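Please look through the fold shown below, following its helices from one end of the chain to the other.

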Amino acid sequence: MLFADPRLAPLWLILRLYVGYEWLSAGWGKITNPAGVWVGEKAGVAVSGFLNGAVAKSGGDHPDVAGWYAWFVENVALPNATVFSYMVAYGELLVGIALILGLFTGIAAFFGGFLNANFLLAGTVSSNPLLFILATWLVLGWRVAGWWGLDRWILPRFGVMEHPDTVLADPVRPRQGDPVR
């Protein structure tokens, strides 16, 4: 019922709007940053600082960052810091917009959760655990989470059923020899 009944759409709307607002404000703050350290002439500066902090957290007896993730940061993300800076800033903004509009809710929530997971792997806690949990719920409840949003009209065009509650319905099919009900 929780993941398929449109009567629970108001609950999903509240969760979706909260998570969407958090992503929208984070992305907007990065894109409009007057120093231009996320996007613009100094793009990559802020993300390089963040990533270098993650690498620093990978040492010692009890590292906050796993060695394999530190390797990824050093060998893939840091050499491409400018690209990652744009991806993070615009990714956060797009996830926020999609969640607020209820447009491809499950996909947007998945990418929001992916961002949260990467921030957590980089050793940053903040609001990431809560947002990751909520994003996971939104992914699981994607059919109803976007019911009060654009998904209600857009998803049927992609072959997704119009009524989410029919997905879990188990129609009774009479077997041969059974009386018709």
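Helices here are DSSP runs of H or I with at least four residues, strands are runs of E with at least two, and both are numbered from the N terminus. This is a predicted model, in which local features need pLDDT of at least 70 and side-chain atom pairs count only at pLDDT 80 or more, while totals for chains, interfaces and linings use all residues. Residues are numbered from 1 along each chain as its sequence is written, and side-chain values use heavy atoms, with hydrogens and water left out.

The buried residues of α4 are A81, F84, S85, V88, A89, E92, L93, V95, G96, A98 and L99, where buried means under 20% relative accessible area, exposed means over 50%, and partly exposed lies in between, with a 1.4 Å probe and protein chains only. These buried residues pack against α1, α2, α3, α5 and α6, contact meaning heavy atoms within 4.5 Å. Just after α4, G102 takes a positive phi of about 70°.

With 23 residues, α1 reaches 31 Å from its first C-alpha to its last, close to the 33 Å expected at 1.5 Å a residue. Its buried residues are A9, W12, L13, L15, R16, V19, G20, W23, G27, K30 and I31, a list that includes the charged residues R16 and K30. The buried residues of α1 pack against α4, α5, α6 and α7.

In the chain as a whole there are 8 helices and 0 strands, and 38% of the 181 residues count as buried. Among contacts between residues at least 6 apart in sequence, 68% join residues at least 24 apart. The chain exposes about 10700 Å², of which carbon and sulfur atoms supply 66%, by the Shrake-Rupley method with a 1.4 Å probe.

Which residues have the most contacts inside the largest nonpolar core? They are W12, V19, W23, L99 and L138, in a core of 33 residues; such a core is a set of buried Ala, Val, Leu, Ile, Met, Phe, Trp, Tyr and Cys residues joined through side-chain atoms within 4.5 Å. At least two residues of this core come from each of α1 (9-31), α2 (45-56), α3 (67-77), α4 (81-101), α5 (105-121), α6 (128-140) and α7 (142-145), and α4 gives the most, with 6 residues. In soluble globular proteins, nonpolar side chains tend to be buried together. Leaving aside neighbours within four places in sequence, V19 is in contact with L99, L131, L134 and L138.

N116 is found in helix α5 and counts as buried because its relative accessibility is 0%. Not counting residues up to four places away in sequence, N116 touches W23, N128, L131 and F132.

The aromatic side chains form 9 pairs, rings of Phe, Tyr and Trp (its six-membered ring) being paired if their centres lie within 6.5 Å, with planes under 30 degrees apart counted as stacked, over 60 as edge-to-face and the rest as tilted. The rings of Y69 and F72 have their centres 5.7 Å apart and their planes at 40°, so this pair is tilted. Y69 and F72 are 3 residues apart in helix α3 and therefore separated by about one helical turn. Y69 counts as buried at 6% relative accessibility, whereas F72, at 26%, counts as partly exposed. F110 and F111, by contrast, form an edge-to-face pair, 5.2 Å centre to centre with 80° between the planes. W68, Y69, F72 and F84 form one aromatic cluster.

Elsewhere, the charged end of K30 sits over the ring of W38, 5.0 Å from its centre, the rule being that NZ of Lys or CZ of Arg is within 6 Å of the ring centre and within 35 degrees of the ring normal.

Finally, I154 is found in helix α8 (residues 151-154) and is partly exposed, with a relative accessible area of 26%. Leaving aside neighbours within four places in sequence, I154 is in contact with L103 and F104; the C-alpha atoms of I154 and L103, 51 residues apart along the chain, are separated by 7.7 Å.

Notes:
The expected span of a helix is 1.5 Å times one less than its number of residues.
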